[in-house]
Amino acid sequence: MLRRYIPIGGQALKVSHVLLVLGRMLLGAVFLYAAYSKLRQPSYILFAMAIHSYQLAPEWAELGLARALPWLELALGLALLSGIFLRYTAATASVLLAIFFGVMTRSYLAGQQINCGCFGIGEALSPRTLARDGALLAVSFAVTVGAFLVERQHGNSSTAISQARSAHTALE
Amino acid sequence: MICRKTDSKTFLLFLFAILLVSGPGRAAVAATRQTAAKAGERKAGSRSTTAKASASKTNKALATEQAGPPNKTMGSRSAPITIEVFSDYQCPACRVFYQETLRPLMDDYVATGKVLLIHRDFPLPIHQYSRQAARLVNAAAKIGKFEKAEQALYARQDSWEKDGNLSGALAAVLTPAELAHVTQVAESGKMDTFIESDVSLGNSKQVHQTPSLFLTHAGQTDALPPGGVSYSLLKRYLDQLLAQ
């Protein structure tokens with residue numbers, strides 16, 4: 001598994017693969033912390049209150065989201081840290097972060113003085129939180145692209161090896 | 001090597017499992033319906049706010065002016081849950097929160113001894129009349145008229161925030177004698193100490209905006225999202241805590 005994502009090759013390739021690993025580690029840690037900060041609250045209803053302040057969804061949806069989102073973040077965090085299903089987990093993380101970024105930007109531009117809700121309760125929505133989410137989105141997007149490129153590269157190598165083996169067998 | 005098709009199928013199954021584990025919204029839908037039904041009942045039985053006091057009652061109120069800090073608490077001191085609200089009388093979000101969340105909370109939980117509600121003043125510098133409003137409400141609280149004064153100021157916020165006529169708003173719930181006394185106490189500057197005490201407490205609790213809420217239950221204090229919370233979510237949370 002590790003060899004798949006950190007293959008030995010040219011210097012540039014090695015650097016990009018190290019960055020890919022660092023990127024997914026960073027994202028994984030952030031998602032784990034986000035999940036932890038929400039799950040440690042005495043009740044999911046507190047997170048539902050934070051979601052409610054965005055005024056985007058009916059109450060049943062806020063409650064459903066408040067229950068599901070921390071577990072999804074936990075699963076994504078673990079998957080990103082371990083590197084399993086990297087293309088899909090990174091793509092899911094990118095979509096999730098893009099939604100967060102869109103919703104937060106909309107609320108900020110609308111002048112809503114609300115809580116971010118990113119890591120539990122207590123952090124106001126501000127340019128700082130927007131910049132942080134934007135940076136995470138950029139990292140997540142880069143990891144997603146990187147994961148797909150690595151997979152394609154790996155696929156090409158496998159095809160070339162099997163073609164060479166076929167040719168060798170034919171010659172024999 | 002991991003097969004791509006297996007990869008995507010396994011991942012989708014993985015996501016599906018997470019959704020099943022968290023069970024979003026199932027119980028929520030039923031409970032939302034319950035809350036809506038109760039809200040209808042509550043509206044039907046909402047309290048009246050008549051402020052006709054006889055002269056004897058006025059004299060009694062003035063005579064029983066409390067020593068020490070004004071009492072801005074509502075409910076039983078032995079209530080299992082305490083909610084502290086930092087608010088600003090000129091803040092529109094505080095008015096909405098007061099009218100849509102705190103009033104029903106007072107009827108359903110404070111009056112029944114389940115919640116002790118504590119008001120804390122946190123006048124924001126951006127609001128021209130909020131400090132004066134806080135002084136007047138503190139002075140009214142000294143003669144036991146806190147709830148009426150608070151309610152009157154929020155109800156007429158649209159009017160007094162334009163011209164600063166706070167006395168006009170309070171005249172609806174205080175007798176002329178009470179109003180004169182409250183105005184005199186407010187203008188004396190004696191209430192500033194109590195307001196500053198609340199502001200300092202708010203600063204120590206990292207309050208940056210109003211309304212900000214803190215809920216204490218079983219010795220543990222948690223901040224609720226600032227800017228106001230919906231009554232139905234708060235009610236759901238209180239019921240959950242009370243059921244523990």
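Leaving aside neighbours within four places in sequence, B:Leu136 is in contact with B:Ala149, B:Leu166, B:Leu170, B:Val182 and B:Ala186, where contact means that the C-beta atoms of two residues, placed from the backbone, lie within 7 Å. The model is predicted, with local features needing pLDDT of at least 70 and side-chain atom pairs counting only at pLDDT 80 or more, whereas totals for chains, interfaces and linings use all residues. Residues are numbered from 1 along each chain as its sequence is written, and chains are lettered from A and ligands numbered from 1 in the order in which they are written.

B:Leu136 also belongs to the largest nonpolar core, a set of 92 residues in which B:Leu136, B:Val137, B:Ala140 and B:Leu170 have the most contacts; such a core consists of buried Ala, Val, Leu, Ile, Met, Phe, Trp, Tyr and Cys residues joined through C-beta atoms within 7 Å. A residue is buried if 20 or more other C-beta atoms lie within 10 Å of its own, exposed if 12 or fewer, and partly exposed in between.

Helix H5 (residues 130-142) of chain B packs against helix H6 (residues 146-155) of chain B at an angle of about 155 degrees, with the axes 7 Å apart, and H5(B) is therefore roughly antiparallel to H6(B). Angles run from 0 to 180 degrees between N-to-C directions, with axes fitted to C-alpha atoms over the stretch in contact; those under 35 degrees count as roughly parallel, over 145 as roughly antiparallel, 65 to 115 as roughly perpendicular and the rest as oblique. On the H5(B) side the contact involves B:Ala133, B:Leu136, B:Val137, B:Ala140 and B:Ala141, which meet B:Phe146, B:Ala149, B:Glu150 and B:Leu153 in H6(B).

In chain A, helix H3 (residues 44-52) and helix H4 (residues 59-82) pack at an angle of about 125 degrees, with their axes 8 Å apart, which means that H3(A) is oblique to H4(A). Among the residues making this contact are A:Phe47 and A:Ile51 of H3(A) and A:Leu63 and A:Ala66 of H4(A).

Helices (H or I, at least four residues) and strands (E, at least two) are DSSP runs numbered from the N terminus, and the two chains are summarised below.

Within helix H2 (residues 11-39) of chain A lies A:Gly23, which counts as buried because 21 other C-beta atoms are within 10 Å. Not counting residues up to four places away in sequence, A:Gly23 touches A:Val139, A:Ala142 and A:Val143, and its C-alpha atom is separated by 9.3 Å from that of A:Leu136, 113 residues apart along the chain.

Some backbone features lie in loops. The peptide bond from B:Thr210 to B:Pro211 is cis, with omega near -10 degrees, and B:Pro211 is placed in the loop between helix H10 (192-204) and strand E4 (212-217) of chain B. A positive phi, near 50 degrees, is found at A:Phe85, a residue other than glycine, in the loop between H4 and helix H5 (86-109) of chain A; A:Phe85 counts as partly exposed because it has 19 C-beta neighbours inside 10 Å. Phi of B:Ala218 is near 55 degrees, also a positive value in a residue other than glycine, and B:Ala218, in the loop between E4 and strand E5 (220-224) of chain B, counts as exposed with 9 C-beta neighbours inside 10 Å.
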